[in-house]
Structures are given as structure tokens and as C-alpha cells.
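Please work through the exercises below with the sequence and the three-dimensional view side by side. Each task is followed by a solution that goes step by step.

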Amino acid sequence: MKILHTADWHLGKRLDRFSRLEEQVLVMEELIQTADEKNIDLLIIAGDLFDNFNPGVEAVQLFYKTLKRLSLNGKRPVIAISGNHDSPNLIDAPDPLARECGIILIGHPKAKIIPFELEHFKISKSAEGFIELILKDYGFPVRILHTAYANEIRLKQYFGEDKEAELNNVIAEHWQENADEFCDEKGVNLLMTHLYMNKKGAPLLDEPEGEKPLKIGNADLIFSDSIPSQIQYTALGHLHRFQNIGTDEKPVVYSSSPLCYSFSEAGQTKYISIIEAEPAKTVQFKRIPVKNGKCLERKSFDCIEKALEWLTENQNTFVELTLESETFLKADERKRLYQTHNGIVHLIPKVKNQELNENQLRDINLNQDIQSLFRDYFKSKNGGQDANQELINLFNEILNP
């Protein structure tokens with residue numbers, strides 16, 4: 001059985017003032033083509049389907065159209081859970097209609113899916129946080145333990161009052177109960193969740209810049225030793241870099257986001273995880289790189305001409321550009337930079353070869369003329385950087401209208 005694992009689509013997300021929707025259309029098309037070309041039997045999407053609780057119309061339309069095409073109009077099951085960016089009620093809302101297309105949407109932890117049957121597959125068993133599917137072309141079932149993201153209120157509702165101290169234990173017990181009851185060696189056994197999971201004793205994994213941190217009460221994360229031994233592959237969402245925090249025998253995989261969404265992800269290759277699974281055997285999985293979407297680059301230059309040359313040669317990027325200079329950038333220099341490249345997200349001026357003398361700035365002579373006071377004030381507020389003549393001229397215009 002071939003299973004495709006993806007997560008963290010963040011449909012509707014922007015990068016500062018830049019929309020990413022056009023790129024998201026391209027990567028969704030690439031995802032659909034990959035699923036078709038690889039003859040994928042089942043898709044699992046591990047949360048953060050949208051970027052916020054109230055996504056725009058275009059993002060919602062892209063989501064539904066993508067799921068329908070991935071499902072081949074009911075021939076291929078698609079299972080998606082909500083993440084910390086998603087409204088669970090919004091994810092749940094279209095479920096009765098989505099099921100007719102073979103799409104299973106899960107908004108809440110411990111959700112119990114109503115069994116149904118289509119021509120090519122059926123849900124044969126269901127419990128809180130568990131479903132079993134039987135696909136027409138396979139003589140064995142696939143079992144999925146699922147836990148959508150739970151915020152503090154939902155944790156209290158679903159997992160009890162003592163969530164801070166007991167979260168790992170309660171979730172581990174819940175997963176283990178379902179695994180013991182339903183997950184024998186006669187089927188494929190998977191876990192999908194959108195939680196901040198890490199290996200016990202390992203360094204903490206970095207969350208992406210701008211990502212809502214997963215703080216669940218006072219518990220920072222779930223440990224991977226909470227995963228039942230019956231599980232052959234764990235599909236995670238939340239962290240945007242592809243990584244297996246499990247083992248080759250029992251993979252625990254963050255599949256990555258389909259696009260770089262912050263400059264902390266600059267230079268990362270994004271992936272789709274494809275799993276080949278059968279009962280009672282170690283799964284085989286490989287990562288398929290995502291080809292579409294703009295690169296994010298953090299670049300630093302000590303001269304504007306070098307910056308302009310790089311910008312000219314690297315048009316299909318979003319850039320965080322740091323430019324070292326002796327004085328504050330002039331208006332015409334900024335204009336040249338922005339005219340050369342329309343993907344400059346942040347332009348960061350930096351003092352070149354100039355150290356700030358804090359004592360000197362602290363002891364400003366208040367008896368000096370107003371222009372000198374302005375120069376000292378500007379330097380104190382800009383890391384020791386001098387105001388250029390253009391700013392001084394503007395200041396003089398204000399003084400003498």
C-alpha cells in the first residue's frame with residue numbers, strides 16, 4: 001500500500017505584504033500530480049491546513065478543490081486533521097458532504113468518525129481517535145490513530161483537568177488502548193497527529209519563525225516514546241523542516257511544509273513523504289522534493305553594487321537583504337534596490353566598520369546647535385550610524401520651512 005504524508009499547507013499565508021497564494025496553487029498541483037504518478041492509495045494531511053481560523057475565500061476554495069482532486073472523486077481516501085492554525089469547527093463543517101468524495105475531515109481530538117462505505121473503500125471500524133479503512137484492492141485493513149491539535153480548553157475537555165502533569169501519560173494511554181484493541185499484525189498501523197513531538201533526552205527542535213508555538217498548558221511537547229509499539233509509521237505536522245525523529249524501523253516523521261514560510265526556513269528543500277506499507281513489516285519511506293515555489297534567501301552585502309548584481313541574477317526569490325554602509329541609505333539607493341527586485345521583503349541597513357561609543361552618546365552636549373543635536377540623536381537611535389546628507393537637508397527644511 002502506498003501512502004502519501006503531507007502537512008502544514010498554511011493555505012492563505014502571506015510573507016509580510018506578499019501573498020503566497022499563486023505559489024500555493026502550483027504546489028497543490030504538484031502534490032496532485034505526484035499522488036497520481038506514484039499511484040498513491042491513501043493520503044494523510046497532518047494539520048495546519050489553513051494559516052488562520054478565518055481563511056479567505058480563495059484559500060478555502062483551493063483547499064476543497066485540491067482535496068477533491070486528490071480523492072479522485074471518492075476512489076482514493078484522503079484524511080486531514082486540524083492543526084494549531086486551524087479552526088476545528090471549520091474543518092469539521094463540510095464532513096458530511098466531504099465523505100461522499102472519500103474525504104475524512106477531523107477537527108477535534110478523540111473524534112469518532114461515523115462509518116461509511118463507498119465503492120472503492122469503507123470505514124470498517126471507528127472509535128474515539130481511531131478509524132480502520134478497508135481499500136477495495138487490498139486484502140488487509142489500514143488502521144489510523146488520529147489526534148488533531150488540542151488547545152488548553154479542548155485538552156481539559158478531552159483529556160482531563162490535570163493536563164500539565166499528565167498530558168504525556170494520558171495521550172500515551174489513549175493511543176495504547178486503541179492500539180491494543182484494534183492494531184494487530186494483520187493490518188497496517190499508523191498514527192497521525194499535530195503535536196510538538198520530540199525524542200526524550202534529545203535537543204529541543206526549533207519551531208519556525210512566526211509559527212504559533214505549541215504550548216499546551218505548561219507542557220512543551222509530547223515524547224515519541226508515547227507512541228505504541230504496534231505503530232509502523234507516525235505522521236506529524238507542525239515543524240516545517242523534514243525530519244525523522246524516530247528510527248528507520250519505526251519512523252516518526254515531520255513531512256515539512258510545501259513552501260518556505262519564514263526566513264528561518266531560508267535554503268530549506270521542502271518534501272512530501274511517501275510510505276510503502278504492509279502488515280507486520282517495516283515500512284519503507286522516501287522523501288520527494290517539492291519543486292515549485294520561490295526560494296527564500298537571507299543575503300548580506302557590503303556594497304550596493306554587489307547587492308544589485310545579485311538581485312538582478314536571482315529574480316525568482318524572496319529576500320531578506322542586509323546592506324552594510326557607512327551612512328544611512330539614501331532614498332535613491334533604496335529606490336534602485338526595490339526597482340531591481342520586486343521580492344525584497346525586508347531591507348536591513350547595518351553600520352559598516354563603525355563601533356558605537358555608548359559613553360560618548362550618553363554624554364551629549366545639550367549646548368550645541370540643533371543640527372548637531374539631531375546628528376547625535378540619530379546616531380544614538382541607529383546603532384552609531386550617521387545621518388546622511390539627504391536626511392540633514394530634510395531636517396533643515398523642517399527647521400526652515
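**Exercise 1: a pair of helices**

Helix α7 crosses α8 in the left-handed sense, a term used when the near helix is turned anticlockwise from the far one by less than a right angle (clockwise being right-handed). The model is a predicted one, in which local features need pLDDT of at least 70 and side-chain atom pairs count only at pLDDT 80 or more, whereas totals for chains, interfaces and linings use all residues. Residues are numbered from 1 along each chain as its sequence is written, and side-chain values use heavy atoms, with hydrogens and water left out.

Task: describe how α7 and α8 pack, and state which residues make the contact.

Solution. Begin with the geometry: the two helices, α7 and α8, pack at an angle of about 15 degrees, and their axes are 9 Å apart. Axes here are lines fitted to C-alpha atoms, for helices over the stretch in contact, and angles run from 0 to 180 degrees between N-to-C directions. The pair α7 and α8 is therefore roughly parallel, since angles under 35 degrees count as such, over 145 as roughly antiparallel, 65 to 115 as roughly perpendicular and the rest as oblique. Next, list the residues in contact, meaning heavy atoms within 4.5 Å: α7 contributes I304, E305, A307, L308, L311 and T312, while α8 contributes E333, R336, L337 and T340. Sorted by class, this contact holds five nonpolar, two polar and three charged residues, where Ala, Val, Leu, Ile, Met, Phe, Trp, Tyr, Cys and Pro count as nonpolar, Asp, Glu, Lys and Arg as charged, and the others, Gly among them, as polar.

**Exercise 2: the sheet beside these helices**

Task: in what order do the strands of the open sheet run, and which of them stand at the edges?

Solution. The open sheet has three strands in the order β18-β19-β20, with parallel pairing; helices (H or I, at least four residues) and strands (E, at least two) are DSSP runs numbered from the N terminus, and two strands pair if DSSP finds at least two bridges between them. At the edges stand β18 (295-301) and β20 (344-351), each with a single partner strand, so one side of each has no neighbour in the sheet. From one strand to the next, the twist averages 10 degrees. Between β18 and β19 (residues 317-325) there are seven bridges in the parallel sense, and F301 has L323 of β19 as its bridge partner. Helix α7 (residues 304-313) packs on this sheet, where α7 touches β18, β19 and β20 and its direction makes about 170 degrees with that of β19. Helix α8 (residues 331-340) also packs on the sheet, touching β19 and β20, with its direction at about 145 degrees to that of β20.
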